[in-house]
Structures are given as structure tokens and as C-alpha cells.
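Colleague: Could you take me through how the labels on this model were reached? I would like to see each value set beside its cut-off.

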Amino acid sequence: MEISSRKNPLIKQYRSLVADRKSRREEGFFPCEGSKLCEEAVKSGCTLGDDAFVTEAAMKKYPDTVKLISEKCNIVTITEDIAGYISDTKTPQGIFITVKLLDKILNLSTINNSAHFLILENLQDSGNVGTIIRTCDAFKIDGIIMSRDCADPFSPKTVRSTMGSVFRVPIYFSDMDEVIPPLKESDFTVYAALLDKNAKKLGEEKLPKRTAVVIGNEGNGVTDSTAALCGNSLYIPMESAESLNASVAASIIAWEISKSRKN
């Protein structure tokens, strides 16, 4: 049977996950669409929701993806109209699943088994958050710690911009005053990334084996209180531009951290 009504309870529930962070938290799942992302979710071992929604056209165009998903959940056929209704893209591919939220609990055992973190403080742009997750995957950063007021890493836009990396990079949520002191107590050197030429220059500073760097809000940077908690600061030397996009700065820092791993 094909779902064609926008009032269908399953469709209403999926759409609420697309639209609302609160719904994602309450349900414990986030939406994921498109052949590549859905495949990545399954291959990464993520827990899927009970139902996947697929159009007839998608079944013919992406048979391998549909077969892979069908091994994990029930395939529900939907019309093209419904696909457009629940999609967060202009040209939906017609494959939709839900994935169990992937954020983890940060504890001492996690810290003690890790060496490199990026910490995001109040980043508001979903694209920036997604790019940083993808960068951390590329450079094998052990995890991302996000303040609770950051953009949702499990929103449709963020998930798409990670290109599947969200399924592989450990993500934790914590207030800055709850996470920075324990990191320092576990022999991490924690830096605030600042627009301060008096800070230690990235590329010249030998990064310790256990390093965490805080990336601040797009407009305001790292807060003074967080910078004080860190006790150390890093500056990316620039020739003329006054500042860098938050995700660009995070990418440069992650690259530098990956280099220190090889030393």
C-alpha cells in the first residue's frame, strides 16, 4: 500500500523530525534522506527507525540502497508528492530513513582514551558545524565537544553538509565549565582560538600530544570566560584578512593537530 496522504501519522511524525530540534530530542531519532547518506548510515552501523519511506522511482533507480535499508527496517512506499512534502531538499531522491541520535556521554574513560578534540562554543551556522564534523573525520580528530547552544548537528542541513561523517565522528554536548577543567586535569592542553596576535601562533607552537582547541561563535568568537578557563590561546597568522570563517579556522587547526600526531 502506498502512502499518499500528508495527514498519515507516519508522515506527520517524520516531518516533525525534519522541522524541529525538540521533536528529534523527544523521539531520539533524526531524519536522513538520499541514497548516499542512507547507505552511509547503514554501513556505519547506526540504529535505524522502524520504517523507511521510498518512492517507486527510487526503488528502480537505487535498488542496491533500498535492498540494504530493507535489511534493517520496513520499506514503506510513498508518492512523489509525499516525498516532496517531507524532504528538506529541492530535488529529493525519494529515500528517507530515521537514525537514532548519535551524541555520546563524555566521561573520564572517553577522555583518557583520546588525544585530540575540537570544542565548539555557540556556533550557530549549520553549514559550519557540518563542515567541521567532516573535517574532523578527514583528519581523525577523536571527537567534537559542542556547547548545548550550538546549532543542531542532527538537523537535515547539517547532516547533509557532513557528507556522512556525522555517522563516524564522536559528538558530545557539554557546558564549557563542565568539560574544560576535566580535560586539563587529564593532561590536555586546552587552547582558545583567538584573534589575538599576542596568542601563540599556530604553526610555530608545538602542539602537545593531548590537545583540545575551542572554536568560538561566528560573530563573537570565544567568550572571555571560556578563554580564561582554557588558560592558553592560539592565533592563525594571516597576511591581510582580519578573520576567517569558523569552519575554515577549524579546518586549519585540525590539519595542524593531525601533523602533530605524526611528530
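Colleague: Why is methionine 163 called partly exposed?

Modeller: Buried stands for a relative accessible area under 20%, exposed for over 50%, and partly exposed for anything in between (1.4 Å probe, protein chains only). Methionine 163 has 38%, so it is partly exposed. Please bear in mind that this is a predicted model, in which local features need pLDDT of at least 70, side-chain atom pairs count only at pLDDT 80 or more, and totals for chains, interfaces and linings use all residues. Residues are numbered from 1 along each chain as its sequence is written, and side-chain values use heavy atoms, with hydrogens and water left out.

Colleague: Where does methionine 163 lie, and what is its phi?

Modeller: Methionine 163 is in the loop between helix 9 and strand 9 (171-173); helices (H or I, at least four residues) and strands (E, at least two) are DSSP runs, numbered from the N terminus. Its phi is positive, about 55 degrees, although the residue is not a glycine. Lysine 140, also no glycine, has a positive phi near 55 degrees and sits in the loop between helix 8 (126-138) and strand 8 (143-146).

Colleague: What makes lysine 140 exposed?

Modeller: Its relative accessible area is 57%, and the label applies over 50%, so lysine 140 counts as exposed.

Colleague: And why is glutamate 256 called buried?

Modeller: Glutamate 256 has a relative accessible area of 14%, under the 20% limit, so it is buried. This residue belongs to helix 12 and touches Leu202, Gly203 and Leu207, leaving aside residues up to four places away in sequence. Contact here means heavy atoms within 4.5 Å.

Colleague: What makes a group of residues a nonpolar core?

Modeller: A nonpolar core is a set of buried Ala, Val, Leu, Ile, Met, Phe, Trp, Tyr and Cys residues joined through side-chain atoms within 4.5 Å. The largest one has 52 residues, and Ile97, Val99, Leu118 and Phe167 have the most contacts inside it. Helix 12 (residues 246-262) contributes the most to this core, with 6 residues. Apart from it lies another core, of 17 residues, including Met176 and Val222.

Colleague: Which residues does valine 99 touch?

Modeller: Not counting residues up to four places away in sequence, the contacts of valine 99 include Phe29, Phe30, Cys32, Ala41 and Phe167. Phenylalanine 30 has valine 99, in strand 5, as its bridge partner.

Colleague: How do you know that strand 2 and strand 5 pair?

Modeller: Two strands pair if DSSP finds at least two bridges between them. Strand 2 and strand 5 have 5 bridges, in the antiparallel sense, so they meet that definition. The open sheet has 5 strands in the order 1-4-3-5-2, with mixed pairing.

Colleague: How do you tell a cavity from a pocket?

Modeller: On a 1 Å grid over the protein atoms alone, a cavity is a set of points where a 1.4 Å probe fits but cannot get out, while a pocket is an open set with protein on both sides within 12 Å along at least five of seven lines; lining residues have an atom within 4 Å of a point. Grid points are joined across faces, edges and corners, and a volume is the space filled by probe spheres set on the points. The whole structure has 1 cavity of 30 Å³ or more, and the largest cavity has a volume of about 70 Å³. Its lining takes at least two residues each from helix 1 (9-19), strand 2 (29-33) and helix 9 (156-162). The largest pocket holds about 420 Å³.

Colleague: What classes of residue line the largest pocket?

Modeller: There are 14 nonpolar, 7 polar and 1 charged residues. Ala, Val, Leu, Ile, Met, Phe, Trp, Tyr, Cys and Pro count as nonpolar, Asp, Glu, Lys and Arg as charged, and the others, Gly among them, as polar. Of the 22 lining residues, Ala193, Leu194, Leu195, Gly221 and Leu244 lie nearest the centre of the pocket. Helix 12 gives the largest share of that lining, 3 residues.
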